[in-house]
Structure formats: C-alpha cells, structure tokens
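I opened my notebook on the ligand site today. Here is what I looked up, in the order I went.

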Amino acid sequence: MKRKLIGLLLCAAMTATMLAGCGSKEEAPAQAPAETEAPAGNDAEAPETEAPAASGDVITIGFAQVGHESDWRTASTKSCQDVFSAENGYDLQFVDCDNDSAVQLEAVRGFIEQDVDYIIIDPIVSTGWDTVLTECEDAGIPVIVIDRTIDDSDKYVSWVGSNFKTEGLAAGEWLKAYAAEKGITEINALVIEGSTGASATIGRTEGFKEIADREGWTILDSQSGDFTQDGGAEVMESYCKSYEGKFNVVVCQNDNEAFGAMDAMKQAGVSYGVNGDVILISFDACSAGLEFVKSGDINADFECNPLAAPFVEEVIKTLASGGTPEKEVYMEEHWFVNEDILSSIEVNGETQNLTVVTDEIIAAQY
Ligand code: GZL
C-alpha cells in the first residue's frame, strides 16, 4: 500500500513539476530551511522539524554517493548521515561508489531490489542515467539528485546543488578584476580539472573558459586531477616541467587538487599566492582550503556548498504530504578572498559580494 501511495504521489509530482518546470528558469539560491538561520559561514544546519516518519514508520533511503575523494565529499556524506539518522526516523542505506559509475548504477538497482522509500544519487558522471531512472520510476521510488547533475534524463523529482558554470564565471570575473587592480596585463593560465565527465568539471571549465576567451587570456593546458590531492600534485608536477616560467595563474577545480598543486609548486621552486609569482584559484572553500586563503597561499576560493541534506529532507517532506517539490533547488554560496582590495564582482550582470576570510568563517565552514 505504501509503495502504491508513493507511486501515485510521484506520478502526480512528476506531472505537476514538468508543467511547472516549463519556462521557470529562475535560479535563486536556496535559503536554509525556514526553521534555521544559516550560521556565519555556510553551515546550513538540519531544520529542527519533525521528520516524515512522524507516523512511526521508519523511512528507508538509498544513497549512492560519488566516493570519498575530497574534503567536500566527506562533508556531503556527513550532511546526509546527520539528517537521515535513525533518531530522525530514517534507515539510510549508504553506498560509497568509489568514483566508479558501474558500481553506482548497481547500487541504485540494489536499492530498487531492497524496495527503499526514496533514492538519493550524487551522479559521478552526468550521462547514462535514463534506463535506471526509468526502473526507479516503474518501481514507484522517487529519486532525488544532489550536487552533480544528470543531463540525459529528467526522471527524478528534484535536484539540489550548485550552478557550476556560475562558479567558473565568478572565478574568471574575479581574476579579471584582480589582475586590473594588480596591474597584471597578461594571463597565462594552467587549469587542473576535476573528474572527467562530472558536471562540476564541465561547468567550471566552461565558465572560466568563457571569460578567458572574452578577455583574450591564454589557457596553456587543462588536464584532470580527478578532484584528488594526488591528482593535483601529479598534474602540477608535470606542468612545472612543461611550462616552466610560462604561467602566472593556476586554477584548481577543487581544494584537494590545490593542496597537491601547492606541494608540487613548492618542490619546483615556484612561488604562488598573494605574495607569489603565480595566482592560485580554487573551488569548494572547505575549511582546510579557507585556511590557505587566510594565509595567502590561495588567492581566491569559490565555494560549492556540500550541505544539501536539509534541503533534500524538505523535498521528502513535501512529497510525503502530497505536495510538488521544486525541480531545482540551488544552494547558497560565497566567493572567498584573502585581500579586501575588491568588494564585489559582476557575474552574468549580477553584483556578487566577495568575502575576506576570517577565523570565524573558517570555524563555521565544513
Ligand atoms: C562539486 C562536487 C565536486 C567537488 C569536489 O559539486 O561534485 O566533487 O568540487 C568533489 O571536491 O570531489
């Protein structure tokens, strides 16, 4: 009976969402659920509300997570484990897919077999999803996507995450404004990309390249460091040999790659950061990354908020009460810098503030 009811609610929600989705391209960052004030920094705490299991039934959730490759990923996993806990009335079936897409598809099929109530997916790559999402739909199990996007199917109820292209555009617009302030007229950049095929990689690469092309900058090379510290170190070591003395900007698509890149540049005798020869840009803005921004080793860090679980629970509560959740829920994010020489940048015609990193912000970050 429960499956049937959820199946009916899901069909109603999908139909209503598809109708509502047409033309609604508005993208307003999600505020922390009404019951909570997001504390300084960006830790949106789980809302103090009654979980949908108030009826006494335990809600089973299957969560197919990308892996354990970065600080960001650790925070994302913890966010879900904290919200979908036994004391909150959930049974969370968690699978760490270790960056392996085949394992991730198998995990989702396993959740269907287990007949869970909801499935959460953070898709390792953005394609190859329609078949398994159709199987979830046929089984009447609502799917909620977090973080990275699925680009070849819309058979899911909601997606909660970030606009990765906006993050890339913001990094480019900041670099343009920063270079002007510093009297830097020529940009020769090296990019360390995230995991190949991940929407976070695609979006950040696309956004930064759009500004680079507009400003006539040179991107000397762009290779994947797979969002890991080892990957960042390996690529940067190779870059220091191949492009010795030719680059003045390094863009790492997450903090862990930046940690590796710093080690490699140090080894190669290349100075970086606010007082160095190379401007270092990063993404994610985890606490460890912001420590390096505050020390001046990283010039700017573009946040990608991993704390999606409170917003996912809102989607589940809406569904459980027969409502139609938003198809897209954007997380609130900040652009962090070391120096206060710029207060804001223009991204897509919108003024976006820059935040100088403080100890309080670091303490409140993830
Ligand atoms: C982005 C997320 C990325 C992070 C990395 O939303 O998918 O994957 O930027 C993580 O740290 O590995």
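These entries cover the ligand, its shell and the cavities.

**Entry 1: the model.** I am working with a predicted model, so I keep in mind that every value below is computed from it.

**Entry 2: the shell.** I asked how many residues surround the ligand. I found 13, and Glu69, Asp147, Arg148, Arg204 and Asp284 are the closest. I then sorted the shell by type and got 6 charged, 5 nonpolar and 2 polar residues.

**Entry 3: polar atoms.** I looked for side-chain partners of the ligand's oxygen atoms. For Asp284, I noted a polar side-chain atom 2.5 Å from a ligand oxygen. For Arg148, an N or O atom of the side chain is 2.7 Å from an oxygen atom of the ligand. Asn254 also has a polar side-chain atom, 2.9 Å from a ligand oxygen.

**Entry 4: cavities overall.** I searched the whole structure and came back with 4 cavities of 30 Å³ or more. The largest cavity holds about 90 Å³ of space. Its lining has 13 residues, with Trp72, Arg73, Arg204, Phe227 and Asp284 nearest the centre. H2 and H6 are the elements that give two or more residues to this lining. By type, I sorted the lining of the largest cavity into 6 charged, 5 nonpolar and 2 polar residues.

Technical notes. Residues are numbered from 1 along each chain as its sequence is written. This is a predicted model: local features need pLDDT of at least 70, side-chain atom pairs count only at pLDDT 80 or more; totals for chains, interfaces and linings use all residues. Side-chain values use heavy atoms; hydrogens and water are left out. A residue is near a molecule or strand if one of its heavy atoms lies within 4 Å of it. A polar contact is a pair of N or O atoms within 3.5 Å; within protein, one must be able to donate a hydrogen and the other to accept it, and residues adjacent in sequence count only if both atoms are side-chain atoms. Ala, Val, Leu, Ile, Met, Phe, Trp, Tyr, Cys and Pro count as nonpolar, Asp, Glu, Lys and Arg as charged, and the others, Gly among them, as polar. On a 1 Å grid over the protein atoms alone, a cavity is a set of points where a 1.4 Å probe fits but cannot get out, and a pocket is an open set with protein on both sides within 12 Å along at least five of seven lines; lining residues have an atom within 4 Å of a point. Grid points are joined across faces, edges and corners, and a volume is the space filled by probe spheres set on the points. Helices (H or I, at least four residues) and strands (E, at least two) are DSSP runs, numbered from the N terminus.
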